[in-house]
Each structure stands twice: as structure tokens, then as C-alpha cells.
Amino acid sequence: MMGHEAVLALLEKALSYSKAQETDIYLNAQDLGLSRFAGSAIHQNVAHSNIVLNIRSVTGKRLGRATTNDLSDSGIRKAIEAAHQNALLMPEDPAFEGLPKPDGAARVYSFDEATAQCNPEVRASIVRGVCLQGKEHDLNVSGACRTGVQETAVVSSHGVRAYHAGTFAGLIINTMSASSAGWAKGGSWRLSDIDTEALGREAVSKAVDGQEPVAIEPGRYPVVLDTYAVDDILEALSLYGMGAQAVQEGRSWMNDLIGQPAMSPSITVWDDGSDSHGWPVPFDAEGIPRRRVDIITQGVVNTPVHNSYTAGKEGTVSTGHQSYFTGGPIASNLFMQEGVSSLQDLISSTERGVYITRFFYTRLAHSKGCVMTGMTRDGTFMIENGQITHPVKDLRFTQSYVEAMADVEHVGSESKLVLNEVGFATRVPALKLSSFNFTGVTV
Amino acid sequence: MDDFLSRALDLAAVKGASYCDVRLVETNQERFVVRTGVVDTLSNDESLGVGVRVLVNGSWGFASTNIVTAAEVDRVTDLAVEIAKASAQASSGPISLGAAVKSQGVYTTPVQVNPFTVSSEEKLGLLLVADERMGSVKGISARTGNLIFSSERKTFANSEGAHVEQTIYETGGGIMATARGSGEVQRRSYPQSMRQQGCAGWEFVENMDLAGNAERTATEAVALLSADQCPSGTTTLIVGASQLGLQIHESCGHAIELDRVLGSEAAYAGTSFLTTEKLHNFQYGSEHVNITADSIRLPGLGSYGWDDEGIPAQSTPVVERGRFVGYLMSRETASGLDLPSNGSMRAASWNRIPLIRMNNVSLEPGNWTLNDLIADTDDGILMEMNRSWSIDDRRFNFQFGTETGYEIKKGKVGNLLKNCTYTGITPEFWNSCDAVCNEEHWTMWGIPNCGKGQPGQLGHTGHGSAPARFRNVQVGVMT
């Protein structure tokens, strides 16, 4: 970890090397420790440190880019010059309004010293604990435990000066018997927030209860989706349509639906990078504060998120959602409003349906309506007369996620933070849907 | 730089490592992206770093850094040893790597024209012409084009005496047109979805002729808006070469990764139905199905001199006349089967450990011309160019969507079809294959975005394929 002063000193020096009209530099640094286990033993155990400078250089309405992790004077100068030369090669873009100006300070506290200092022994101890939980039930346990520090900073010739250091921790557990599997996942910016033993129990119980599943006929069923499955839906809706670039290019599920009540009135979704109940990142790769954006309110589709470029095209302001150095804006700190039903209430309200722990390998089948296909995995059960009665073999679905959100009948009262590997986080409750389209079953 | 490698090997031995390998990697990349008349990205990206992997008391440790100095190399070597010792808290016992690896040599991807010697103006100009031609077609709402060029200079050394240097060149590009209208959104890509990529030089882009195919690509996207919907049912399916490349990748390539079979990827990418008792004892496909995994067939993206354990590039039969006969293996996993590694370990970067990755996993050509195959098909659908892909965690149940489909009626190509999908169970599907087209129709496709591992790694794989015919396939799966 470099620290606030060292990061800004490095970036100020780099900025001084630029002779372009406008320049900004986005620093992304990560110290990661990750212990991967399978067969109840650690088989991959790694650490890495990397510091990357992402440089944008502007001449008129031309923008060039370069990245480097060579932090020597010569390495930085070379990258600065490459970005400048790339800008000179570009044709002018009339819609480009220049790099963004400073837009206020954005600060969120999400640094935990114990998480930052977590060593391989601590991670190994956690792994050993969950492996022992599985061993008591003759389950094969696999997964990953990770901890680390992420530093991000942006400086620009317009005066943007932003720095944030946050920690992260995550534990994934997969349990398997000869005929079943279970799953649990926890994440936070504080390792101590993760109840590793509870996650172990959760994963073990799914595998124990899921043994000897039976195949059911594909077709439409009511479903109760656990939080991991709801995370998949929200992530897909984000990636395939909540960014303004996708809307402007006409390939978003939001096209033709903005202002429309396309989802159940019980569905409210927003993005907020400053909420410490998520995985907070206070500003984006342009140094713009990540504003709260109400994307869906009581089922009505409101607005996508913006970066400075997409905002400029519409005469509005950036919402601070340029999540990465390249590509369009992304809503990556999503929240879904909780309801009033417990998970048991959701199951009890189902006469005949399917309980789904999570989805796997979901991909966009059609952009209109965000039609996705994928599999259930790691704990799929039949619900009959309001009770889970038996495990079922994993099912393939082909389903519009927009229509799925229109079919939401009840929303769980407890939400869970699901922290994904690349900094994408959702805080979501469980859901009960009146209908979900299963199109196949696996062997 | 060799001093740093020796330093790490020596220090690891002093610290008690029974094995150590070190990779010093420098990557240079040029990226060009044009979106609907605007240059979205013109970027030069450089990355340099060193990774140290050690085996201590039968457990692995790995650490890496982007600061390539003697002090940092010492620090990460120490850290790798410390991590390995921690791994021993949850260990499954001693690890065997088989016979010592002492490879020596130098390898460079053969290229006709080094892509970094071609000016950025020429590269950008090519994309802008293609973009303009796509934009000339009425009904196109968005268009994209991209080019990518990379060189990776890698030096590998291990404590058994291996020392190899490689420079791998990659070149790729592609275009895509999106049409929107009448409540429908459709797209067409060329040469394949996202881009075609290979271990090759600038000549690879010239051979694609992106500009020459731009107007046709856009016209086909618009035509799809008013095309017939793919019918639902069971029919004869001819899978085009590009789509079949991804079918091979998902249903064969991942299934033969021995680390998946042994459970190492269970919590993330999944496992495999091709368990070890099936080796030489399982009819994976029909007699027409012959699949090879190699790291030597250029311009396949899985072509190299040595893998990241220093094992020389080679070719391995995977499926012979339908019978399953081979895995992709590392030294450790191969040793468990009393086999030698076939050189399939690759890391995506200096800061990632090597994993078993597909190299060039290809369906060998058959004897048919595509015209003859269509003429021989009474009733069916020809589907081509991937639009969506999904498969279960054991690689059984798959579903693919394609950009286009064409009816085949009484041996002739009929109407254009949109929203085409097909689904099946892997061994049933490959056992239903009754014809594969010949070498004239065979292309080596490149997939540069194969995800695996934690932390995530994007692998680059090659897949040679020609159109092939499958009987009794379920098609037209939509909501």
C-alpha cells in the first residue's frame, strides 16, 4: 500500500510531465492475498501487488490514452507521451466536451486495518475451519478466501484531486457430496463482518439436504430466489442496460421503458457508491463523486447512470459511474429495497414452486427485455404446500429478467451484500416470483 | 534481468523451497476502438512484473510484484515461501511434479509483418473506413470496430535447470453492426463475435478485409429485423464453423481440463463429467468426431514454445473416432495419473499463477463440402456466429444462441431466421454428429476472453473447426 501522500505525490509528478491541453491520471493499486482450497486443502495461495497509471491526454476534441505499471521516471514519461501522441492521431469528436472539472469532495470510510494486515496464516485458519465443518458431513469443500487493499486516485490538470483507500474481504464456500452441492458467499470491507462459521453451516446444509435430487419437467414454475440468484439478476440488468451508453446506442433493456411501470411496484433499485452498507467507492475513474441514482422506483424505470461523455451528449451531469478506465458507465454499487417477508414467509406462500440458491453461467440471449439463459446450481429444491420437500436436479432457464422483476410477488425483509470479484457489489433481498421459465434439465 | 531470476531461485532454495519457478513478463498492447463514427479508444498499454512460485513442505505459495528490483524480488520470494508454509495448515499431502523439467531455448511467434511496425494512422484508418461503410446502410443504430495488437516477452526459469525465453505476438480485430426497428434489436458481427484473434502479425488483419465485409455485415443486421423467428422443435442442425469453435471450447475444451476433473475449480468454474475412469473408456462423440489439443498450430491463440512450467509445445489426441483419449494436464495433475504433462499450464499475466488452460482444441476436418452437406440435408437449419452461450458446471447441459440461421428445405438454403438457439447434452450432441466439412471450410478461431481461476484470469485459446451436421437437436428455445 502506497498511502495518500505518496500516491498524490506520484500523480502530481506524472501530471507535471504532460504538455497536453488537458490531462487526467487514474491510479489503481491493489494488494491482494487469496487462498483457494479444494478437496478440503489449500491448493492455490497467492499474493500480488500492482500499481497502474491510466492516463488520458486531450488536445482539442481529441482524447488519447495509455496505461503503465512502470513507475520509473522514464516509464511514466513514456506513457504520458504515448497518450499525447494518441490524442494527436484521433479525429475530432464533436460530442466530447473535455475532461470533467472538479465536482466536490467525496469521502467514504471503508478501511479496516485488521483486514489490510490479514496474513496467509489467518486465511488458512479460516479455510481449515470451514473444511472441518464439511468433513463432519463427509463433504468435499472448496472455495476461496481473499483479503486486501484497493487504492484509487485521480488527478487532473483541471484540479481534480481524489484519493480513496478501502479494504476488502471475501469468502466463497462450495460443498459437494456425490449427488449434491451447497454454496455460501460473504463479503465486506471488514473481514470481521464475515461470519465464516455461519457461512460454513449454510453451505453444508444445502449439500446435506440436496442429496439424491430428482428431475422435474421443465416449464413455468413460481420460484423463491435466494439472495445470490437475485444478485445475478441485478448484475445482468446493470451490465445489459443500466448504463447510458447502452441506452444511447439502443441496445439496453431500458430502451422504450424509461418512465414506464415495467416491473412490480415492490421493486425499487438504486446505485450508491457512498453507502457503507455496500462496498463503497466514493468517486469514479474520472474523479467524479458517485451520486446516488434512483434507477427503478416502485417498478417504474427512471434513468441510467452516466459518465461525463454520455452526460454531455444529453446536456446533463455525470453521475460518477465511469467504473473503469475504458468502456461505458456502469452501475456497480446497487441496492434493492427490502420488503416485509422473511425467507420462510416466501416459501410458505408458495403452493408449488422451486427454491433456487443461485444461478450459474448466465448469458444474454436477447437484449430486448434482457432475456437471459443459465443454470441453477448448488441447492435447488421443490416447494410443495409451503414447504421444501425434496431436492431437484439443476434446471436451465431462458427468461426475461425484466419480466421476472414484473412477476415479483413478495420481497424478503433481510438483504445481503454480495461482493463480486471485480468490485461489483449488490445488496439484495430474497424474492418470490409468480413465474419463471425453465427450458431444460441437466443430467 | 536474468540476475533477478537467479536471485529468486537461490533465495527460495535457502528458505527451504523444494521447487521454485520464476516468470518475468513484459506485455505491450495497442488497442483501437471505433463506436458509431467516433474513436472511442486509442491506447497503448504496458505491464511489467515478476511472479515467484514455490513448493515448501508439499504446499504451494505464489507472490508477485510490478517493481522489478533486487529488493522486491527478495521480498516476494520471501512472501511466497511464507504463503506456502501457511498453505501447509490445510494440506492434502505431498505433491509430485513428475520428471524434472530442464528446457532451454528461445521462441518467437513467426509473423510476416510485426504489427507494431504498422502506423497507428493506418490501423485507425482501416477501422474508420469499415465504420463508414457500415453506417451507409439504412437502419443501423450502432456500430463498433476494434483492433488489438500485443507482444508478450516472457522469461521462465525453474530450480530444476529450465530457462526459456518467448515472445508471443497476437493480432486481432472485428466489426459489429446493430440494427433496431419494429420492436426488435439484431446484430451481425464479422469475422466472429467480438473479434477474431490469432498468434500472427499485421497480415492477419489484412486477410480479414474488415472494410470489404462491412456493408454486407450491416445489411445482414438490418435484414434480421424482418426475418422469420427460429422455429421451436427438434431438427437437423448444421453448425457453422465459427459457432462450432465455441461449441468445442465450452463442451470439450473445458471438460478435458484435468484440474476441473479433479475438483480444483469446483467453487468457481465448476467440474467436468469426463472423470478419470472415462479416459479411453467413453464414447464422447460419433466416429466422425476427432478432436486434438495442440500448442503448435498457428495462428491458433494457444500456440507457444513452452508452457508456464517449461514443458515444450506439443499435440495431444483428445477424441479419436469419438472415443475420449486425452486430457489437458499440468505436471502435478498428470503425475497423479502416471502420465507426463502435455504442456497446458499458462498464466494470464506475471501476477497470476499458471492454470491448466486450453491451447488449440480443434475438431479435425472431415470430407464434406458445405454445398454437398446442405444438398444432403432434407430438412434442417444452418446456424452461424455466436450470440449467447451457457453451459452447466459439469459441462453437460448447454444452450447457444446464434446471430443468424437459415432454413434448409430439400437440400437448399431457404429463409433467413432470427433469434436462433439450440440446446443439448454434450455427449448426446457429439454422438449425433454425422458429417464434418473438409479442410477448405476449416478455420482456426481465436477466443481471447476465456475466464477461469480466482483471482480471475482471461485465457487465450484457439479452436479449429469446419461446419458439421448434428441430428435430432432441440432448437428455438426462447421465452
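Biologist: How many residues does the contact take from chain B and from chain A?

Modeller: Two residues are in contact if their C-beta atoms, placed from the backbone, lie within 7 Å. Here chain B supplies 64 residues and chain A supplies 74 residues. This is a predicted model, in which local features need pLDDT of at least 70, side-chain atom pairs count only at pLDDT 80 or more, and totals for chains, interfaces and linings use all residues. Residues are numbered from 1 along each chain as its sequence is written, and chains are lettered from A in the order in which they are written.

Biologist: Which strand gives the most to the side of chain B that touches chain A?

Modeller: Strands are DSSP runs of E, at least two residues long, numbered from the N terminus. On that side of chain B, strand β2 (residues 38-56) gives the most, with eleven residues.

Biologist: Which strands of chain A and chain B pair?

Modeller: Two strands pair if DSSP finds at least two bridges between them. Strand β2 (residues 41-59) of chain A pairs with strand β3 (residues 59-65) of chain B in the parallel sense, over three bridges. A:Val46 has B:Phe62, in β3(B), as its bridge partner.

Biologist: What does the domain assignment of chain A give?

Modeller: Domain bounds come from an automatic or database domain assignment. For chain A the assignment gives domain 1 (4-206) and domain 2 (213-441). Their C-alpha centres lie 23 Å apart. In the contact between them, domain 1 of chain A has 34 residues and domain 2 of chain A has 30 residues. Strands β1 (22-38), β4 (140-156), β5 (161-176) and β6 (181-188) of chain A each supply at least two residues of the domain 1 side.

Note on methods: Helix = DSSP H or I, 4+ residues; strand = E, 2+ residues; numbered from the N terminus.
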